[in-house]
Amino acid sequence: VSTQSTGEVKESLTAELVTEIKEMRTEITSLVSGIDEREEEQKELERQAGKLTGKINRNSHTRKILDTVERIKRQKRQIDTILSDTRVVQKEINSLNGKIERVFIETDEIIFRDAKNNELCKQAYKLLANLQSEFNALVR
């Protein structure tokens, strides 16, 4: 009886080991399959990375950015020059307007004094007033 029990124990142990080995083989097969999938993914990613390297050139982008910054600086200098020139011209215009206004006032006084006695001076005074209003409209 004890011989049979030892044989049964061995068979039972052997059956367990065979089942365990089959489970390990299945697990190994699935792991190998997973490794193959990962290797394919790696190859695909390496191909995509190779394509991106050709498209993205950091030095090129940096150079473009620096060129853009330099153009902006140049434009700013030009704008500053134009603004300065505009201020100078505006000052000259204001000065000339002041001179013209003073000339009109002086001429107005002279012609007004003479217009009291002379009919032509009255007509000249009216023309001067009209000229002054037209000039003011033009300046504005």
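Helices (H or I, at least four residues) and strands (E, at least two) are DSSP runs, numbered from the N terminus. This is a predicted model, where local features need pLDDT of at least 70 and side-chain atom pairs count only at pLDDT 80 or more, while totals for chains, interfaces and linings use all residues. Residues are numbered from 1 along each chain as its sequence is written, and side-chain values use heavy atoms, with hydrogens and water left out.

Q: What separates Glu41 and Arg38 in helix 1?
A: They are three residues apart in helix 1, which covers residues 2–55. That means about one helical turn lies between them.

Q: Why is the meeting of Glu41 and Arg38 called a salt bridge?
A: A salt bridge is a side-chain nitrogen of Lys or Arg within 4 Å of a carboxyl oxygen of Asp or Glu. For Glu41 and Arg38 the N to O distance is 3.6 Å. That is within 4 Å, so the label applies.

Q: Why can such side chains pair at all?
A: Opposite charges can pair when the charged atoms come close.

Q: What makes Arg38 exposed or buried?
A: Buried means under 20% relative accessible area, exposed over 50%, and partly exposed in between (1.4 Å probe, protein chains only). Arg38 has 57%, so Arg38 is exposed.

Q: How many salt bridges does a search of the whole structure find?
A: It finds four. One of them joins Glu44 and Arg47, at 3.2 Å from N to O. These two residues are also three apart in helix 1, about one helical turn.

Q: How do you know whether Glu44 and Arg47 are exposed, partly exposed or buried?
A: Glu44 has 35% relative accessibility. Arg47 has 48%.

Q: What makes Asp80 and Lys76 a salt bridge?
A: Their side chains meet at 3.3 Å, N to O. Both lie in helix 2 (residues 58–115), four residues apart, about one turn of the helix. Lys76 has 51%, so Lys76 is exposed. Asp80 has 37%, so Asp80 is partly exposed.

Q: Why is Gln132 called buried?
A: Gln132 has a relative accessible area of 18%, which is under 20%, so Gln132 is buried. Gln132 is found in helix 3 (residues 119–139).

Q: Which residues does Gln132 touch?
A: Gln132 touches Glu101 and Phe104, not counting residues up to four places away in sequence. Contact here means heavy atoms within 4.5 Å.
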